[in-house]
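Morning, everyone. Let me put the model up on the screen, and then I'll talk you through a few places in it.

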Amino acid sequence: MTRFHTVALQLFKTKSPDHLLAEAAAPDRQLKRVLGAFDLTCVGIGAVIGAGIFALAGTAAAGEQIEASLWKTPVLNFIISHLTHSELVYGRPGAGPAVMASFVVAAIACGFAALCYAELASMIPVSGSAYTYSYATLGEIIAWVIGWDLILEYAVGNMAVAVGWSGYFVQLCGSLFHLKFPLWLVSDYRTASGLLSTGGEALNNYSSTTLPVILGHPIALNLPAVLIVAAVTILLIYGIRESARTNTAIVVTKVAVVVFVIAFGAFMVHPTNWHPFLPNGVGGMMSGAAIVFFAFIGFDAVSTTAEETKNPQRDMPIGIIASLIICTLLYVLMAAVITGMRTYTTYFGDSAAVATAFAGRPWAQALISAGALAGLTSVILVFQLGQPRIFMAMARDGLLPQYFARVHPRFRTPYITTIWTGVAVGAVAMLTDIGSLADLTNIGTLFAFILVCLGVIILRRKDAGRHRPFRVPMVPLFPLLGVFFCFVLMLSLPLETWGRFVVWLVIGLCIYFLYGLRHSKLRRGLDAGITEDEPPPLIKT
């Protein structure tokens with residue numbers, strides 16, 4: 001029993017915030033501090049507003065009718081059926097015009113989490129986001145789980161975004177320049193095979209539909225997805241200032257497009273289309289909230305740039321909260337416009353709802369495609385910015401090889417992890433149709449949000465006297481509300497997603513016990529040292 005207690009204490013050992021700050025201040029680890037509050041707000045908007053604002057509103061409004069499969073049914077449906085003794089509802093009922101409220105519900109869940117992120121980011125302005133905060137509050141093993149879990153949000157999510165970027169790029173080249181590409185060069189093998197077996201007019205969008213054969217195997221590669229990931233990776237290695245300027249320019253462009261679409265569409269709204277407002281009740285609205293939550297993922301990426309912010313204690317909370325408020329306002333207005341322009345059932349099975357709303361106006365559709373392309377570009381940039389810094393933080397702690405903790409001597413960027421993240425994302429995006437992993441991204445992000453909210457409560461008790469430049473109001477009520485809303489949204493995801501999530505976490509724990517546990521600097525009583533090359537001194541206890 002004593003041995004078990006000792007092992008448990010080691011697994012849940014935490015790092016003090018002072019220790020984390022001292023590590024980040026080591027000369028060979030310092031990143032270039034050039035970002036201000038406006039830059040951080042643009043980083044947040046850049047990560048949040050992507051294809052989601054152009055596609056997910058319609059899907060959430062019309063719903064997803066899934067075949068009668070237990071695995072594809074949201075967990076919340078089972079709970080409602082059991083409590084009300086009613087028949088189990090398969091699939092996801094649509095929110096209808098109440099998709100506006102769905103965005104608000106998802107925003108409330110994100111809002112409570114954003115407040116908690118803001119407090120921790122201002123108090124512990126260190127790269128690593130939820131991973132670092134969990135290390136300081138919940139213990140090493142929980143921090144590892146969160147670091148592993150965040151791969152679902154940033155890297156896996158970015159793979160799907162890169163594939164989506166390729167699709168919009170090909171569509172825009174065709175509509176504006178009448179430029180067509182061979183099918184095998186702009187699509188993965190699975191998607192290409194599906195298009196060839198289905199046939200129809202879709203094949204007219206390509207200059208050639210013949211797949212080359214190498215060693216008896218047909219080949220299809222999504223080249224645009226690889227090229228955009230490579231371009232963003234090179235930009236991020238070159239410098240954070242240049243990356244931030246590029247992101248800001250893209251954000252201004254896509255927000256201008258979104259505002260124009262909202263303003264133009266407002267004159268074509270028919271209020272009768274908003275009735276009935278709740279066609280499928282509160283269950284439909286909550287189901288819609290779980291779908292549109294994907295559109296909010298990314299605001300927490302602001303916290304990964306803490307070590308590159310000029311005044312993180314002041315600017316981090318501003319960037320996190322301001323970006324979430326701006327995105328929520330744009331989302332609700334966009335949802336109001338598209339459900340007011342056409343009956344919500346029009347968007348069933350439609351992944352380009354905004355373009356459908358403006359059907360018959362080619363110039364507007366081209367503008368929407370351009371806005372979506374800009375949106376996806378900034379999402380790729382910000383997510384590729386966040387993931388390497390989480391890997392870097394994990395390597396600093398010994399949970400990953402020290403090779404991944406290197407900072408470029410000239411550009412002061414984590415170039416090793418940036419390169420490897422780019423290689424992994426580009427390779428998978430080139431060869432794979434991600435598709436069903438979008439829900440995995442949702443559940444991984446919600447789980448991270450829950451632990452960040454709990455972290456605020458724990459740190460308030462453990463270190464109540466520490467200076468907090470930003471404080472979450474009404475603790476523990478607000479963090480607990482964040483936990484509640486995020487957990488309800490997790491329950492609104494399919495049973496199949498929960499199964500995959502558990503498998504993913506088991507794989508991560510295996511890596512931790514095989515490598516991270518034995519190499520953890522905190523567990524071995526070692527500090528980070530002044531540089532990566534000098535022998536680290538013992539931690540004083």
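I'll start with the overall picture, then go through some helix pairs, the cysteines and a few backbone details.

Some housekeeping before that. This is a predicted model, so local features need pLDDT of at least 70 and side-chain atom pairs count only at pLDDT 80 or more, while totals for chains, interfaces and linings use all residues. Residues are numbered from 1 along each chain as its sequence is written, and side-chain values use heavy atoms, with hydrogens and water left out.

Okay, the overall picture. The protein has 19 helices and six strands; those are DSSP runs, H or I of at least four residues for helices and E of at least two for strands, numbered from the N terminus. Of its 541 residues, 57% count as buried. Buried here is under 20% relative accessible area, exposed is over 50%, and partly exposed is in between, with a 1.4 Å probe and protein chains only. As for contacts, if you take those with a separation of 6 or more, residues 24 or more positions apart account for 82% of them. Contact means heavy atoms within 4.5 Å.

Now the helix pairs. Two packed helices are described by the angle between their axes and the distance between the axes. The axes are lines fitted to C-alpha atoms, for helices over the stretch in contact, and the angles run from 0 to 180 degrees between N-to-C directions.

Take helix 6, residues 99-123, and helix 18, residues 477-491. Their axes come within 8 Å and cross at roughly 135°, so the two are oblique to each other. On that scale, under 35 degrees is roughly parallel, over 145 roughly antiparallel, 65 to 115 roughly perpendicular, and the rest oblique. Helix 6 passes helix 18 in a left-handed crossing, meaning the near helix is turned anticlockwise from the far one by less than a right angle; clockwise would be right-handed. Who makes the contact? From helix 6 you have A106, I108, A109, F112, L115 and C116, and from helix 18 F478, P479, L481, G482, F485, C486 and L489. By class that's 12 nonpolar, one polar and no charged residues. For the classes, Ala, Val, Leu, Ile, Met, Phe, Trp, Tyr, Cys and Pro are nonpolar, Asp, Glu, Lys and Arg are charged, and the others, Gly among them, are polar.

While we're on helix 18, V488 lies in it. V488 is buried, at 17% relative accessible area. V488 and M286 are 202 residues apart in sequence but 8.7 Å apart in space, C-alpha to C-alpha.

Next, helix 3, residues 37-48, against helix 13, residues 312-341. Here the axes come within 8 Å and cross at roughly 40°, which makes helix 3 oblique to helix 13. This crossing is right-handed. The contact involves A37, L40, T41, G44, I45 and V48 of helix 3, with D315, M316, I318, G319, A322, S323, I326, C327 and Y331 coming from helix 13. That contact has 10 nonpolar, four polar and one charged residues.

The last pair is helix 10, residues 223-238, and helix 16, residues 415-431. They pack at about 170° with axes 8 Å apart, so helix 10 is roughly antiparallel to helix 16. The contact includes V226 and V229 of helix 10 and G422 and V425 of helix 16. Its residues divide into 10 nonpolar, four polar and no charged.

Finally, the backbone. A stretch to look at is the loop between helix 17 (438-462) and helix 18, where P476 sits. The peptide bond from V475 to P476 is cis, with omega near 10°. M474 lies in that loop too, and its phi is near 55°, a positive value in a residue other than glycine. M474 is exposed, at 52% relative accessible area.

There's a cis peptide bond between H275 and P276 as well, with omega about -5°. P276 lies in the loop between helix 11 (240-266) and helix 12 (281-292).
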